[in-house]
Amino acid sequence: MFTKVPSTSFSPSKPLLVWDGACGFCKYWVTHWKFKTGNRVNYSPYQEVAHLVKGIPIKEFKKASRLIETDGSIYSGPNSAYRSFVYFKKPSYFWNKLYARSKTFTFISDHSYNFIAKHRSFFFKLTTICFGKNPKSLKPYWLLWICTFGLSIIMIVSIL
């Protein structure tokens with residue numbers, strides 16, 4: 001499980017999302033978020049900025065993304081994603097507030113994030129199957145897969 005680090009003495013000029021530059025899954029979603037946040041957030045792989053951020057060992061950067069606010073506060077793992085939604089062109093506060101207020105949601109989010117992080121290559125493939133290969137223009141292919149699966153089950157049951 002990733003370690004949550006509450007703050008650092010490093011204070012970027014605007015929020016900075018630090019992610020694993022060697023991860024295709026991470027790159028896909030960072031590309032999507034860049035499109036959604038415009039210039040309100042900077043994005044850097046930990047491989048380039050880890051030396052600037054005191055208090056987070058490299059092994060922790062490898063486990064989870066971090067959103068570092070201008071005051072040095074740090075949002076880790078799934079909360080780095082939820083907090084980044086606040087900076088979207090159409091801001092969404094819901095997920096960040098839910099994470100902060102619900103221990104159950106926090107637990108589920110943290111453990112789901114940890115599971116996905118340990119199986120990034122599988123989830124990258126699943127992401128491209130469900131949303132397409134272009135992270136700037138997500139397609140709801142997942143709906144097609146669910147409908148196809150549902151219709152297949154109905155056909156099998158009706159034949160039996």
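Trainee: What order do the strands of the sheet have?
Mentor: In this predicted model, an open sheet of four strands has the order 2-1-3-4, with mixed pairing. Strands here are DSSP runs (E, at least two residues; helices are H or I, at least four), numbered from the N terminus, and two strands pair if DSSP finds at least two bridges between them.

Trainee: Which strands stand at the edges?
Mentor: Strand 2 (42–45) and strand 4 (74–76). Each has a single partner strand, so one side of each is left without a neighbour in the sheet. From one strand to the next, the twist averages 20°.

Trainee: In what sense do strand 1 and strand 2 pair?
Mentor: Parallel, over four bridges, with strand 1 covering residues 16–19. The bridge partner of L16 in strand 2 is N42.

Trainee: And which helix lies across those two?
Mentor: Helix 1 (residues 24–37), running at about 165° to strand 1. Angles run from 0 to 180 degrees between N-to-C directions, with axes fitted to C-alpha atoms, for helices over the stretch in contact, and contact means heavy atoms within 4.5 Å.

Trainee: Before we go on, how are residues numbered, and what gets counted?
Mentor: Residues are numbered from 1 along each chain as its sequence is written. Local features need pLDDT of at least 70, side-chain atom pairs count only at pLDDT 80 or more, totals for chains, interfaces and linings use all residues, and side-chain values use heavy atoms, leaving out hydrogens and water.

Trainee: New topic. How many salt bridges are there?
Mentor: Five in the whole structure, each being a side-chain nitrogen of Lys or Arg within 4 Å of a carboxyl oxygen of Asp or Glu. One of them joins D20 and R120, with the closest N and O atoms 2.8 Å apart. D20 lies in the loop between strand 1 and helix 1 and R120 in helix 7 (residues 120–131), so the pair ties together parts that are 100 residues apart in sequence.

Trainee: Is D20 buried or exposed?
Mentor: D20 is buried, at 11% relative accessible area, and R120 is buried too, at 17%. Buried means under 20%, exposed over 50%, partly exposed in between (1.4 Å probe, protein chains only).

Trainee: Where do E60 and K63 lie?
Mentor: Both are in helix 3 (residues 58–63), three residues apart, about one turn of the helix. E60 is buried at 4%, whereas K63 is partly exposed at 32%.
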